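I opened a notebook for this chain and wrote down what I looked up, entry by entry. The sequence and structure come before the entries.

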Amino acid sequence: MDLMTQEVTIGELSSRKQGLLKDQVRLVKRKDCDRYEIAGIQDNLSFEKGFFVVIRACQMLAQKNEGIILVGLAGPSGAGKTAFSEKILNFMPSVAVISVDNYNDSSRVIDDNFDDPRLTDYDTLLKNINDLKEGKSVEVPIYDFKSSSRTGYRFAFLLFTSLGILENHGVNFT
């Protein structure tokens, strides 16, 4: 390693160092209501650092907001959303995790594109989200990817928690 490489590496590290990660998680008050949301973090975070940020953000949101808190987790197929959600669920077992993939309707598949947002049964999804926000239990479809069909339903509710994680493919949740 030459001296120039060392200087660049040290320069990059000092410009990226922004204090403790927990201090980068900030709440901002929404303009349209009395609730708070998480301010964006511009850095690309590793899986572990992202996990820490989400846990810290959920704790902060629960302290500042009353009622149900829905957290959107988005990314392309294969990005690790399900693994990330499962890790959150293992750390916070009372959290309700709902994967939007379970709302797939195979009758809507176009050109074998299972990532097409038109495949999603948004009517049922939105009804379930609204019911959860009202404290009701909901029947979440169970989608089997091998058979490309719904195989049943499971109940989800936010009885012991006010936090729900909604896992989806790159859709804006606001």
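**Entry 1**

I looked up the partners of Asn128 and set aside its neighbours within four places in sequence; Asn128 is in contact with Tyr103, Val138, Glu139, Val140 and Pro141. Contact here means heavy atoms within 4.5 Å. The model is a predicted one, where local features need pLDDT of at least 70 and side-chain atom pairs count only at pLDDT 80 or more, while totals for chains, interfaces and linings use all residues. I number residues from 1 along each chain as its sequence is written, and side-chain values use heavy atoms, with hydrogens and water left out.

Asn128 is found in helix H5. Helices (H or I, at least four residues) and strands (E, at least two) are DSSP runs, numbered from the N terminus. Asn128 is buried, with a relative accessible area of 6%. I use buried for under 20% relative accessible area, exposed for over 50%, and partly exposed for what lies in between (1.4 Å probe, protein chains only).

H5 runs over residues 122–133, which makes 12 residues. From its first C-alpha to its last, H5 reaches 16 Å, close to the 16 Å expected at 1.5 Å a residue. The expected span is 1.5 Å times one less than the number of residues in the helix.

Which residues of H5 are buried? I noted Leu125, Asn128, Ile129, Asp131 and Leu132. Seen down the axis of H5, these buried residues fall within an arc of 165°, so they line one face of the helix. The arc is that of the directions from the helix axis to the C-beta atoms. On the other side of H5, I found Asp123, Lys127 and Lys133 exposed. After H5 comes Gly135, with a positive phi near 85°.

I then went to Leu119, which lies in the loop between strand S4 (96–99) and H5. Leu119 is buried, with a relative accessible area of 1%. Ser107 is 12 residues from Leu119 in sequence, and their C-alpha atoms are 7.9 Å apart.

**Entry 1: H3 against H4**

Helix H3 (residues 47–64) packs with helix H4 (residues 81–91) at an angle of about 50°, and their axes are 11 Å apart. Axes are lines fitted to C-alpha atoms, for helices over the stretch in contact, and angles run from 0 to 180 degrees between N-to-C directions. H3 and H4 are therefore oblique to each other. Angles under 35 degrees count as roughly parallel, over 145 as roughly antiparallel, 65 to 115 as roughly perpendicular and the rest as oblique.

Which residues of H3 and H4 meet? From H3 I listed Phe47, Glu48, Gly50, Phe51, Val54 and Ile55, and from H4 Ala83, Phe84, Lys87, Ile88 and Phe91.

H3 has 18 residues. Its buried residues include Gly50, Phe51, Val54 and Ile55. In H4, I found Lys81, Phe84, Ser85 and Ile88 buried. They cover an arc of only 100° around the axis, which puts them on the same side of H4.

**Entry 2: the whole chain**

I counted 5 helices and 7 strands in the chain. Along the sequence they follow the pattern α-α-β-β-α-β-α-β-α-β-β-β. The chain has 174 residues, and 32% of them are buried.
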